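Reader: I have a structure open on my screen and would like to learn how to read its features. Could you walk me through a few?

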Amino acid sequence: MLEAVTAERAHVDQARNEAKTEAERRLRALAPTPQDFAGPALDARLALKQAAGRVGHDWGEAADRAAQAREDLDAFKRANQLRRSAVYPSSTLLQAGLLLCAAVFEALFSAALFAEDDARGLVGGAITAIGLSGANVALGYLAGFLGLRYLQHIKLPIKVMGAAAFTLFTALALMLNLFAADWRDQMAAMAGREVDMGSDASLRLWSLLQLDSPQAVILLMLGAGVWVFATLKGYSGFDDPYPDFSKMDRASRGAADALSDLRAKARRELEAPIETAKIALAARLEKMRAEYEAMSKAFDTAALKIETLDSKARALDEAATGAIHIYRQENAAARTTPAPPYFSVAPSVAGPSLDALGPSASMIDDARVRLEEAQNQSTQALEGLLHDLEDAAKRLDAGAAA
């Protein structure tokens, strides 16, 4: 029985040896190929130096302009004793819209007041009201922009010129609104719609202006309110209240924004070689990962095959052991003499070969180590490139500052 089992076991062991040899041959063919991770990094460093040389001049020029604009702004603030930042809207469209709304508001009410006694009706009143409101808003804006703003200038001649401009535009606005109110009063008088306010002058505050009709008084107050609103908008609605402060601040911000945009563009150009190297390194590392995965799958397939043959060998051993045990029982039962002593000894059935995939497992471990080393090399190469990028940016900043 042992001879019969041994012959069959020989076939199983031969198949196991063939599977072992085939697995080792397959794993050697699938072993990850060593990759060059230094080449892409060297190419990227060379391209990085070339890009830094191209953008260096423009970077320096933009940095010089930004620094000069900032120095000019600081000198302006020191010369004019300004200890605050410039305040002005990012867009003047809203402020212009508010002035337009004020002009439309005054025009609508003035048109209604003029139309009552205008022979041309509502159209004539509207034409007069539009001209009046437009002139009133323009005079108010100029009084604030050219008058009030320059009144606070540190230099006396400019302050005097601002006071003169404010006085001029205020006088013109006053003349305009008084003329419009008097004109509306005369229209009411010619239309025979004078209002009898009584003979007590103490109750007729507007008698000093010789205005008799309520419409004229309302028109005057409306014009004065719109003029004040337009003056305040001209003073601080469109620009900083201090003359030329916002212009200097915008120049400084514009130069700083231009430098920031150029730095961002230059940074992208400097990062381009690193991105190329990153893609190349990732592709090589991915190739090694794919080879390692294929190697692992081949090892798993070989392990399943060896396990099947081991199961077959164990089944043969178990069958031989069982047959010998039954034979000994039957033989001992039929004997009239004692059984031979070897009946009590376990049969020497050859077990399966141990660790048939030991060399293959060592190959898998070596491949895993090489893959980890490749990952470390790729990481070190990328970290070195990023360090070179930061050094290049610092050198460009240092050259611009110098």
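Predicted model: local features only at pLDDT ≥ 70, side-chain atom pairs only at ≥ 80, totals over all residues.

Reader: How far apart are the end C-alpha atoms of helix α2, and what span should its 42 residues have?

Author: At 1.5 Å a residue, α2 (residues 38-79) should span 62 Å, and its end C-alpha atoms are 58 Å apart, which agrees. Look also at Val55, where α2 bends by about 40°. After the helix comes Gln81, with a positive phi near 55°.

Reader: How many aromatic pairs does a search of the whole structure find?

Author: It finds four. In one of them, Phe76 and Tyr242, the ring centres are 6.2 Å apart and the planes lie at 75°; over 60° counts as edge-to-face, so this pair is edge-to-face. The two residues are 166 apart in the chain, with Phe76 in α2 and Tyr242 in the loop between α6 and α7. Phe76 is buried at 15% relative accessible area, and Tyr242 is buried at 4%. Together with Phe245, they form one aromatic cluster.

Reader: And how are the rings of Tyr141 and Phe145 arranged?

Author: Their centres are 5.5 Å apart and their planes at 10°, so they are stacked. As a general idea, an α-helix has 3.6 residues a turn, so residues three or four places apart point the same way. Tyr141 and Phe145 are four residues apart in helix α4, about one helical turn.

Reader: Which residues make the nonpolar surface patch?

Author: Leu100, Val104, Phe105, Leu108 and Phe109 make it, covering about 510 Å². Phe105 lies in helix α3 and is partly exposed, at 40% relative accessible area.

Definitions and conventions
Residues numbered from 1 in each chain as written. Heavy atoms only, no water. Patch = residues over 30% accessible without salt bridge, like charges linked within 9 Å, V, L, I, M, F, W, Y side chains within 5 Å. Areas by Shrake-Rupley, 256 points an atom, 1.4 Å probe, with all protein chains shown as cover. Salt bridge = Lys/Arg side-chain N within 4 Å of Asp/Glu carboxyl O. Buried < 20%, exposed > 50% of the residue type's maximum accessible area, 1.4 Å probe, protein only. Expected span 1.5 Å × (residues − 1). Bend = angle between axes of the 7 residues up to and from the residue. Phe/Tyr/Trp six-rings, centres within 6.5 Å; stacked < 30°, edge-to-face > 60°.
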